Amino acid sequence: MDGPHLRIAITTDSLTNLDAPFVAAKNFVVYDVSADESEFIDALQFVRRAKGKAAGGGREANGGRCVMEDMENDDGTGHDPLTERVDALDGVSILFTMGLSDLAAVRVQQLKVFPVKSERHRAIDDVIAQVQAMLAGVQPLWMRRAIARRTGAELAEQYAY
């Protein structure tokens with residue numbers, strides 16, 4: 001890919017839409033995106049291994065437990081689903097998701113991944129088109145920083161004001 005490009009991850013249950021929160025998504029799809037093209041990189045699948053039932057519907061449907069609490073803690077088997085998901089973002093610059101907890105946001109940002117929360121379900125193609133439009137136009141500061149981190153370039157050298 002010529003010009004600036006970013007590796008993005010999108011949380012999805014359907015594999016066609018941005019439609020899942022970070023800690024509960026069945027999949028992450030990963031793309032390299034430039035202003036002119038996008039390339040599918042991988043679809044990462046997660047198996048939910050939280051304690052007890054987790055059918056959704058909040059605390060009432062889950063025996064008084066919050067499902068989010070289970071996802072952010074070791075489930076007693078030595079498996080930490082949040083760590084697994086954060087580790088899967090290695091090499092990604094931007095995460096598009098329906099939501100993430102404060103703990104997840106901190107861990108994601110420690111990897112220098114910029115999380116973008118969507119208020120509504122969106123087609124993955126629309127997310128990619130949005131990133132392409134931003135790359136082709138005036139890029140927001142957070143995007144310029146993500147590009148600089150990815151390329152190893154200094155922000156001041158690449159984007160003089």
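Predicted model: local features only at pLDDT ≥ 70, side-chain atom pairs only at ≥ 80, totals over all residues.
The model's local features need pLDDT of at least 70, side-chain atom pairs count only at pLDDT 80 or more, and totals for chains, interfaces and linings use all residues. Residues are numbered from 1 along each chain as its sequence is written, and side-chain values use heavy atoms, with hydrogens and water left out.

Trainee: Is Ser118 buried or exposed?
Mentor: Buried means under 20% relative accessible area, exposed over 50%, and partly exposed in between (1.4 Å probe, protein chains only). Ser118 sits in the loop between β6 (114–117) and β7 (122–123); helices (H or I, at least four residues) and strands (E, at least two) are DSSP runs, numbered from the N terminus. With a relative accessible area of 8%, Ser118 is buried.

Trainee: Which residues does Ser118 touch, not counting residues up to four places away in sequence?
Mentor: Contact means heavy atoms within 4.5 Å. With that exclusion, the residues touched by Ser118 are Leu18, Thr97 and Met98.

Trainee: Which backbone oxygen does the side chain of Ser118 reach?
Mentor: The separation is 2.7 Å. The backbone oxygen belongs to Arg120.

Trainee: Where do the buried residues of α4 fall, seen down its axis?
Mentor: In helix α4 (residues 102–110), the buried residues are Ala104, Ala105 and Val108. They fall within an arc of 100°, taken from the directions from the helix axis to the C-beta atoms. Therefore they line one face of the helix.

Trainee: Which residues are exposed on the other side of α4?
Mentor: The buried residues of α4 are covered by elements including α3 (81–87), β5 (94–97) and β6. On the other side, the exposed residues are Asp102 and Gln110.

Notes. Polar contact = N/O pair within 3.5 Å; in protein donor to acceptor, adjacent residues only side chain to side chain.
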